[in-house]
Amino acid sequence: MAFTLEERLQLGIHGLLPPCFLGQDVQVLRVMKSYETKSSDLDKYIILMTLQDRNEKLFYRVLTSDIERFMPIVYTPTVGLACQQYGLAFRRPRGLFITIHDKGHIATMLNSWPEEDIKAIVVTDGERILGLGDLGGYGMGIPVGKLALYTACGGVHPQQCLPVLLDVGTDNEALLNDPLYIGLKHKRVRGKQYDELIDEFMQAVTNKYGMNCLIQFEDFANANAFRLLNKYRNRYCTFNDDIQGTASVAVAGIFAALRITKNKLSDHKFVFQGAGEAAMGIAQLIVMAMAKEGISRADAISKIWMVDSKGLIVKGRSHLNHEKEMFAQDHPEMRTLEEVVQRVKPTAIIGVAAIAGAFTEKILKDMAAFNDRPIVFALSNPTSKAECTAEQCYHLTEGRGIFASGSPFPKVTLASGQTFFPGQGNNAYVFPGVALGVIACGVRHISDDIFLTTAESIAEEVTEEHLAEGRLYPPLSTIREVSFKIAVKIVDYAYKNNLASWYPEPEDKEAFVRALIYSTNYESFAIDNYRWPQAAMHIQDV
């Protein structure tokens with residue numbers, strides 16, 4: 001109902017709409033009234049996704065009107081539930097579904113997508129959705145949600161974004177036996193066929209959209225995530241958000257925490273619960289940051305201790321992959337996280353294994369005993385998988401804990417009256433700004449330096465007032481400005497280090513990036529209507 005009378009007449013829709021002309025603010029109010037009638041987060045998610053299908057400009061206007069309120073609905077934690085219920089919540093196809101049976105024909109499938117100018121793709125094979133495991137074809141909710149945040153937080157044009165699900169089957173027996181499951185109903189295809197599918201996909205994408213097309217890998221299982229990142233990172237414009245994005249946001253939180261502990265990164269000792277994609281990504285970026293402070297790589301690695309399902313990762317343990325081997329410590333084996341924390345006495349513990357409650361009361365009390373200001377990052381998603389709650393951390397450390405989580409937690413008020421606003425280490429602080437910067441200047445390959453630059457940029461936006469409230473990240477309400485500043489820094493870094501493709505180099509990089517940002521304002525559909533002078537329009541007779 002935002003069409004003007006002139007637009008309605010020219011489009012032939014006058015009379016098909018009520019005789020009412022609404023501004024976008026009123027439309028937002030109408031959406032909010034409907035939204036507030038829903039009690040469950042899944043129903044709220046469905047309302048927003050239906051709006052995205054119906055009126056994309058209004059959808060992004062709603063999201064950006066209160067990003068702090070809507071992000072937990074369109075992304076973690078609600079998107080996890082939406083993926084689990086994808087068969088029931090499915091209303092209209094969104095994204096491109098490519099299956100193992102389409103191998104040899106992916107170029108043809110890309111031609112089915114109606115938009116030609118694609119700048120960013122988020123792709124998943126659905127094997128490790130958040131902390132929920134193998135959801136197969138139901139994993140499409142993740143690329144759709146991620147790309148919604150590319151636009152809402154970073155300002156990347158939605159028409160330039162393509163969500164992709166590579167369906168190679170699922171090993172989830174519950175889904176295979178579910179008559180409502182909408183993916184391929186067979187076990188996952190692995191090995192040579194799987195690799196050939198990914199190879200063909202990468203080649204087909206760059207053939208059609210160019211070598212500068214950004215391809216973000218999302219929620220692949222550990223074994224494939226590292227392997228594919230190492231295989232493609234120097235051949236394509238690609239990154240893995242679970243490894244590199246998580247690393248960047250975690251290190252940004254650590255940089256902010258250093259302003260509370262008032263020492264250097266290399267003064268700290270880290271224990272990780274989990275040794276998968278996120279843990280390795282964070283650890284490697286910490287090593288890079290420590291090296292920047294001037295210590296050797298070996299000394300940096302000696303400050304990082306990892307605990308997986310078999311206990312502390314130590315030298316001599318059998319069946320360690322390359323990534324785990326790198327962080328294996330020369331130390332006797334220890335089976336439990338509690339024992340490791342007790343012996344190692346870390347200054348920081350980081351949870352990324354999706355084991356709810358892994359940070360026990362004893363661990364948190366030990367951390368408070370060893371450190372004046374212990375750093376506790378419970379980064380697993382969704383909320384149900386968090387290693388501890390914000391309340392547990394603040395209470396058991398007597399308000400001295402420096403806390404961050406992957407999913408949002410409410411504010412915590414202690415008996416002393418002190419109130420904390422837990423920091424949320426959400427990857428949304430990272431990937432929208434990285435995407436905008438990479439797209440803006442045509443970066444061909446995304447180095448880890450870009451993610452370290454991003455971490456530094458995020459930490460710079462945290463004020464002393466934020467730190468006093470317990471926030472290690474800028475408020476989510478400012479995320480569009482944070483993303484913009486990240487993009488500008490990446491553009492500047494890319495031109496200084498000869499990584500950019502678009503020339504000449506813009507003199508005013510802020511204006512250059514701002515000109516690329518998507519607007520939620522409606523465009524006019526009225527035809528350019530004008531008249532010539534009367535004499536020039538004279539109709540000639542015989």
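Trainee: How many salt bridges does a search of the whole structure find?

Mentor: Start with the general idea. Side chains of opposite charge can pair when their charged atoms come close. In this predicted model, the search finds 35 salt bridges.

Trainee: Which residue forms a salt bridge with Asp25?

Mentor: Arg61 does, and the closest N and O atoms are 2.3 Å apart. Asp25 belongs to helix 2 (residues 24-35) and Arg61 to helix 4 (residues 56-65), so the bridge ties together parts that are 36 residues apart in sequence.

Trainee: Is Asp25 buried or exposed?

Mentor: Exposed means over 50% relative accessible area. Asp25 has 54%, so Asp25 is exposed. Arg61, at 22%, counts as partly exposed.

Trainee: Where do Lys187 and Glu173 lie?

Mentor: These two form a salt bridge, with their closest N and O atoms 2.6 Å apart. Lys187 is in the loop between helix 10 (173-176) and helix 11 (192-209), while Glu173 is in helix 10; they are 14 residues apart. Lys187 is partly exposed at 42% relative accessibility, and Glu173 is partly exposed with a relative accessible area of 42%.

Trainee: Which residues make the nonpolar surface patch?

Mentor: Leu5, Leu9 and Phe21 make the patch, which covers about 310 Å². Leu9 sits in helix 1 (residues 5-11) and counts as exposed, at 53% relative accessibility.

Methods. Residues numbered from 1 in each chain as written. Predicted model: local features only at pLDDT ≥ 70, side-chain atom pairs only at ≥ 80, totals over all residues. Heavy atoms only, no water. Patch = residues over 30% accessible without salt bridge, like charges linked within 9 Å, V, L, I, M, F, W, Y side chains within 5 Å. Areas by Shrake-Rupley, 256 points an atom, 1.4 Å probe, with all protein chains shown as cover. Salt bridge = Lys/Arg side-chain N within 4 Å of Asp/Glu carboxyl O. Helix = DSSP H or I, 4+ residues; strand = E, 2+ residues; numbered from the N terminus. Buried < 20%, exposed > 50% of the residue type's maximum accessible area, 1.4 Å probe, protein only.
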